[in-house]
Amino acid sequence: MTKEFYLIVNPISGSNKGSEVFKEVKRELDKRKITYFFEVSHYSGETPLLAKSTANRIKNDSQKILLVIGGDGSLNQTLNGVKKSDYPDTPIAYLPAGTGNDFAKATKLIQDPSKLIDKLLKNPIISKIDCIQCHDLDRNTNTYLANNLGIGFDAYVVAQTNNSKLRDRLNYFNIGNLSYGINILNALANQETFEATISLNHQIHHFKDAYLVTTTNHPYFGGGVPILPIADPTSHKLYTIVVEKPSTLKFIYLFSKLLRNGSHMKDPHFHYYEGEKISVRTKPLEFGQIDGEELGSRNFDLEFSISSFNLLH
């Protein structure tokens, strides 16, 4: 039986990079005379609905390939749609077309459309990859994370970057990641500290001057920044990172160590916890982000646990 591709596309990801990658994928599939269908997301929140209906349509048929084209947020929304379908084990192939593309870096995915299509046609692999299940106690909702959920500093950076016209201009010159660096400086000037409580393994850790609280299952955030080099998306563990606010100069020094050799992990302002279940509570109102998508400013009362999904690559 000939393979068919079912594409889920976010055309505006990466400041319209998604649209360009989509065109390239179509050219490659047409050249190979491969049958394909596609669904294009037109508004925020549509991708999970498209993913759910697509998973139900292909019914976990190994000859039918679900391929999402977009950024980390698009992958996250596709993951959540598939998880809510009648076929939650449907493998997901991913072609990154965002600004950060942290998941692709963490899992060393093929990012060239032609090479990825060849691989999916000839010798695809299905790997069980960890993801994080997040239960929001305040809103009684369950969400899956392919990357991380951040509160405070990194979420402030995401909010500023996602609403920045500068990012669009930098993406035009293929240096969109530079916008993260610029907004890091902005966050340094404006992000306040907050209270955070981390609970795991019957222990409680309280911080009065938290600056960043991120729960993740792989090393990267913010466009390839290795915040926790030891994190592994196949370890069946999740990790919560807390950074207490140092002086601005110390923070810059800490960040330089993060980029250079990972020695920031030994700094007394840096804390991390690993386990299969972790609870995070914060106050007062703080910015939040999930896989690069804004959560607004609010209090958080969250329970995290390990789940998994099938990655086709």
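Mentor: Contact here means heavy atoms within 4.5 Å. Please keep in mind that this is a predicted model.

Trainee: Which residues of α1 and α5 meet in that sense?
Mentor: From α1 come Val 21, Glu 24, Val 25, Glu 28, Leu 29 and Arg 32, and they meet Pro 113, Ser 114, Ile 117, Asp 118 and Leu 121 of α5. Sorted by class, this contact has six nonpolar, one polar and four charged residues.

Trainee: What makes β2 and β4 edge strands?
Mentor: The open sheet has four strands in the order β2-β1-β3-β4, with parallel pairing. β2 (35–40) and β4 (93–96) each have a single partner strand, so one side of each is left without a neighbour in the sheet. On average, neighbouring strands of this sheet are turned by 20° against each other, with direction ignored.

Trainee: How do you know that β1 and β2 pair?
Mentor: Two strands pair if there are at least two bridges between them, and β1 (residues 4–9) and β2 share six bridges, in the parallel sense, so they qualify as a pair. Within this pair, Leu 7 stands opposite Phe 38 in β2.

Trainee: Which helices lie across strands of this sheet?
Mentor: Helix α1 lies across β1, β2, β3 and β4, running at about 165° to β1, while helix α3 (residues 72–83) lies across β1, β3 and β4, running at about 145° to β3.

Trainee: What makes the protein chain as compact as a globular protein of its length?
Mentor: The protein chain has nine helices and 15 strands. Its radius of gyration is 19 Å, which is close to the 20 Å that the globule rule gives for 313 residues, and therefore we call it as compact as a globular protein of that length.

Trainee: What is the omega of the peptide bond between Lys 283 and Pro 284?
Mentor: Omega is about 0° there, and the bond is a cis peptide bond; Pro 284 lies in strand β14 (residues 277–290).

Methods: Residues numbered from 1 in each chain as written. Predicted model: local features only at pLDDT ≥ 70, side-chain atom pairs only at ≥ 80, totals over all residues. Heavy atoms only, no water. Helix = DSSP H or I, 4+ residues; strand = E, 2+ residues; numbered from the N terminus. Axes fitted to C-alpha atoms, helices over the stretch in contact; angles between N-to-C directions. Nonpolar A, V, L, I, M, F, W, Y, C, P; charged D, E, K, R; others polar. Rg over C-alpha atoms; globule rule 2.2 N^0.38 Å.
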